[in-house]
Amino acid sequence: MSGIDGIASWNSFAGFSELHIEAGGVAFCGVTGGSGGPPVLLLHGYPQTHLAWRHVAPRLTQSFTVVAPDLPGYGSSRPDSDRPRWTKRRVADALIALMAKLGYRRFAVVGHDRGARAGYRLALDYPGQVTHFASLAVIPTLDAWDLVDERFGRTNFHWFFLAQPFGLPEKLLSADPQAFIDAALARMAGGLGNVEPFALEAYRRAFQDPDVRHAICEDYRAAAQEDRACDAADRAVGRKLSCPVLVLWPQGWEGPSPIDIWCRWANNVQGVPIRGGHLQPEESPEEVLAAMLPFLMGTGASGMPIADSSA
């Protein structure tokens, strides 16, 4: 595979095919795999690439067709323009175009971190096309901003730094990109030693690209502005996800129950805490799969709390 993390991708996604498709104003890169089962779109988070799914995607292909792209601007996926800004709504539009080009009108969406934020926007804006939605490690953007306090500001300072107006974050990041991404991944994983060396090198290489760093800043600017406004508009009219929702969160989660929060956004919500830190697909893939597979197959999961907000 060509691209920033090509060698690592092929070592991790044996039997997969390269994904190189232009759709929705993006030259998408990533991988696809599976033998014809129902399609599942996997969306990675910050500051990663599709490589984040290396432990999950191969198992999913036993029952599903997997599509795992780099998000627009991340990794090797290149937008044709950064104006208008790549909000989660614009990302969702591009992902719909990608799946349509692959021949998929209805599909499940599994997102981690920033990928989950694009994923629930996709499910809200295209309710007839998303069959299931799984959110790993996040709550909706508007709710996250509503819960901001001193602890959040200290542990998630990048939300505020990366969202600063164009120019300053990009310039400061250019001084030592590796130091910044190493600090971010160490905080998420509980130490850099918990990130596999070849994956760490792939993420570092991606972050060395000024275009990738700019796209990440734009992602966080959108979250603080347009994405937040979209969520607020939906909340004001009581708009909800029409598909079943799976919520997985780290065991050390502090604050209101993620299930309770997601029940404001969907009527069919189930979830469970996952051992480990923020990088769930990489740190705890077996636990993620144990919850995800029954959910995607519609068989339920023993011992998993299920909430119905319409009750």
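**Strands, core and pockets of the predicted model**

Strand β2 (residues 26-33) is largely enclosed by the rest of the structure, because seven of its eight residues are buried, where buried means under 20% relative accessible area, exposed means over 50%, and partly exposed lies in between, for a 1.4 Å probe and protein chains only. The structure is a predicted model, in which local features need pLDDT of at least 70 and side-chain atom pairs count only at pLDDT 80 or more, while totals for chains, interfaces and linings use all residues. Residues are numbered from 1 along each chain as its sequence is written, and side-chain values use heavy atoms, with hydrogens and water left out. Helices (H or I, at least four residues) and strands (E, at least two) are DSSP runs, numbered from the N terminus.

Several strands pair with β2, a term that requires DSSP to find at least two bridges between two strands. Strand β1 (residues 17-23) runs antiparallel to β2 and is joined to it by seven bridges, and His20 has Cys29 in β2 as its bridge partner. The two strands form a hairpin with two residues between them, and in this turn Gly24 has a positive phi of about 60 degrees. Strand β4 (residues 65-69) also pairs with β2 in the antiparallel sense, over four bridges, with Thr32 opposite Val67 in β4. The pairing of β2 with β5 is likewise antiparallel and rests on two bridges, and here Val26 stands opposite Pro79 in β5.

In helix α10 (residues 197-207), the buried residues are Ala199, Leu200, Ala202, Tyr203, Arg204, Ala206 and Phe207, and their cover includes α8 (168-175), α9, α11 and α14 (280-283). His112 is found in strand β6 (residues 107-112) and counts as buried because its relative accessibility is 1%. Among the contacts of His112, leaving aside neighbours within four places in sequence, are Leu43, His44, Trp53, Leu136, His278 and Pro281. By contrast, Asp149, in the loop between α5 (141-146) and α6, is partly exposed, with a relative accessible area of 42%. Asp149 and Pro58 are 91 residues apart in sequence, and their C-alpha atoms are 39 Å apart in space.

Grid points are joined across faces, edges and corners, and a volume is the space filled by probe spheres set on the points. The largest pocket holds about 790 Å³ of space. It is lined by 27 residues, and Arg151, Phe152, Asn156, Trp253 and His278 are the closest to its centre. Two or more lining residues come from each of α4 (114-125), α6 (150-155), α7 (158-161) and α9 (177-189), and α6 gives the most, with three residues. The lining of this pocket has 12 nonpolar, eight polar and seven charged residues, where Ala, Val, Leu, Ile, Met, Phe, Trp, Tyr, Cys and Pro count as nonpolar, Asp, Glu, Lys and Arg as charged, and the others, Gly among them, as polar.

The second largest pocket has a volume of about 300 Å³, and of its 21 lining residues Pro72, Gly73, Pro79, Trp86 and Ala215 are the closest to its centre. Helix α11 gives the most to this lining, with six residues, and the classes comprise nine nonpolar, three polar and nine charged residues. One cavity of 30 Å³ or more was counted. The largest cavity has about 50 Å³ of space, and its lining residues include Lys88, Arg117, Tyr120, Asp227 and Asp231. By class, this lining has two nonpolar, one polar and six charged residues.

How values were computed:
1 Å grid on protein atoms, 1.4 Å probe; cavity = no way out; pocket = protein on both sides within 12 Å on 5 of 7 lines; lining within 4 Å. Contact = heavy atoms within 4.5 Å.
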